Every structure is written in structure tokens, then in C-alpha cells.
Amino acid sequence: MFVLTENNSLANHFLSELRDENTQKDSMRFRRNLERLGEVFAYEISKTLSYQKKDVGTQLGIKQTYHISQEVVLVTILRAGLPLHQGLLNYFDKAENAFIGAYRGKHDEKEAFEIEMDYITSPDIHGKILIISDPMLATGKSIEKAYHAMLRYGIPAKTHIVSAIASQRGVRFIQARLPQCRLWVGDIDTEMNSKSYIVPGLGDAGDLAFGGKV
């Protein structure tokens, strides 16, 4: 697992603004900070990929360079994941894209809930690098369901899961249920409330990015 805040960088500044309830009033800045985190994650993930040599001709000669030799597919969970997804796409600009419509079902009397999924579109992912992004990793249920839904479209060579903020419970859940995936998170919070929202977290990422819903 890779945690951005283990070392101080601009990522800490972006996360600080994402959490700040005063800065959150500017939805454009909130979206942009998620996008910038996606760019940082893309750069870090790129260090794990395979590259091939390629001779490139300049106006003055030939230079041996390196290009990514693996195909990348980016998938996110609508709607909250869109800004983070865009940041990843800014750097993996030749990647194919997949989208999943998923949401929390009603809580029962024990405050448990199921993940409802009503939409998915994806290219073939067989043998490719799959990067699944969702800004908040709370229980981990939606990521697990998204991953298994994507397997209808092929078996990826490697899967990376990207979240801005994760709960310790969510991290343990993903590590136990999806050990084949590598987890990339901005920061880890210790608690969740009775509604399974991360505390202190930052609130509802989808509402903060795009406005409230009925």
C-alpha cells in the first residue's frame, strides 16, 4: 500500500484544502484539488509500469527514449469519482475508460447496507493495467463490487485502487478481500460513524464537487 501523506508534499496541501469546510464552499476548487491528487497518483503509479525503448528523432539527431508498454484502463464510480478520474486521465491520456453507477442502498436497523449497481460500461480489460478510483474508501464494499463487476470484461494484468481518503476498516477490508490489488491512498482516518462515513473524512465528495442531490 502507498500512502501519499507518509511524506510531506503538495499532496498534503491538496488534502488539507479538500477537508477544510471553508475551502469546500468553492466547488470548483474542491474538484480541482481532487483532480490534482489524481495527477499525483498517476505519476506515482507510472513508476510501477513496464516501459520499452524507442528511438525518437529530433531536429538534430536521434535520442533513445522510453514509452509505457502496457495498456491502461481507468474506471471510476459515478459521480463522486469523476474529478479524481480526470486527474488520472490527464496523465494517462491514452487510457481507455470505464464507468460504473453504484450507490449505497438503504441502511437497515443495524446500520448495514448493500451496494446497488445499475450501470456499467467498459472496454476489454484483459491483460491491461486497471486503475479503479473512488475519492472515499469507507467500508470498501463499493470498490470490491466494482472490481468483480469489471471482471466480466476480462482479467487485468494488474489492478490499482486509488482513493483520496480511506478508513482503516476499509483498508483492512480491501487487503483481505482483494489482496491481488495494490492500494494507493492519500490519507487514512481511524474512525467511521454509524452511517459508515469516514470521520473526520471530508463529507460527501459527490455533493461537494457537484452540488446536493434529492
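Predicted model: local features only at pLDDT ≥ 70, side-chain atom pairs only at ≥ 80, totals over all residues.

Colleague: Where does Ser 163 lie?

Modeller: In strand β9, which covers residues 158-167.

Colleague: And what lies 2.7 Å from a polar atom of the Ser 163 side chain?

Modeller: The backbone oxygen of Asp 134.

Colleague: Which residues does Ser 163 touch, not counting those up to four places away in sequence?

Modeller: Phe 41, Leu 84, Asp 134, Pro 135, Met 136, Leu 137, Trp 184, Val 185 and Gly 186.

Colleague: OK, helices now. How do the axes of α1 and α2 cross?

Modeller: Helix α1 is residues 10-19 and α2 is residues 27-46; their axes come within 9 Å and cross at roughly 150°. The two are therefore roughly antiparallel to each other, and the crossing is left-handed.

Colleague: Which residues meet there?

Modeller: From α1 you have Ala 11, Phe 14, Leu 15, Glu 17 and Leu 18, and they meet Arg 29, Phe 30, Asn 33, Leu 34, Arg 36, Leu 37 and Val 40 in α2. By class, the residues of that contact between α1 and α2 are 8 nonpolar, 1 polar and 3 charged.

Colleague: What about α2 and α3, how do those axes cross?

Modeller: Helix α3 spans residues 82-91, and its axis comes within 7 Å of the α2 axis, crossing at roughly 45°. That makes α2 oblique to α3. The crossing of α2 and α3 is right-handed. On the α2 side, the contact includes Arg 31, Leu 34, Glu 35 and Phe 41, and on the α3 side it includes Pro 83, Leu 84 and Gln 86.

Colleague: Is Glu 39 buried or exposed?

Modeller: Glu 39 counts as buried, at 13% relative accessibility; the cut-off for buried is under 20%. Glu 39 sits in helix α2. Leaving out residues up to four places away in sequence, Glu 39 touches Arg 32, Gly 87, Leu 88, Asn 90 and Tyr 91.

Colleague: Switching to α4. How many of its residues are buried?

Modeller: 7 of the 10 in residues 141-150, so α4 is largely enclosed by the rest of the structure. The buried ones are Ser 142, Ile 143, Glu 144, Ala 146, Tyr 147, Ala 149 and Met 150.

Colleague: And what separation do the C-alpha atoms of Ile 115 and Lys 145 have?

Modeller: 7.6 Å, although the two residues are 30 residues apart along the chain. Ile 115 belongs to strand β6, residues 115-121, and is buried with a relative accessible area of 8%.

Colleague: On phi, then, what is the value for Ser 196?

Modeller: Positive, about 65°, and Ser 196 is not a glycine. Ser 196 is in the loop between β11 and β12 and is buried, with a relative accessible area of 5%.

Methods
Residues numbered from 1 in each chain as written. Heavy atoms only, no water. Helix = DSSP H or I, 4+ residues; strand = E, 2+ residues; numbered from the N terminus. Polar contact = N/O pair within 3.5 Å; in protein donor to acceptor, adjacent residues only side chain to side chain. Contact = heavy atoms within 4.5 Å. Buried < 20%, exposed > 50% of the residue type's maximum accessible area, 1.4 Å probe, protein only. Axes fitted to C-alpha atoms, helices over the stretch in contact; angles between N-to-C directions. Parallel < 35°, antiparallel > 145°, perpendicular 65-115°, else oblique. Left-handed = near helix turned anticlockwise from the far one by under 90°. Nonpolar A, V, L, I, M, F, W, Y, C, P; charged D, E, K, R; others polar.
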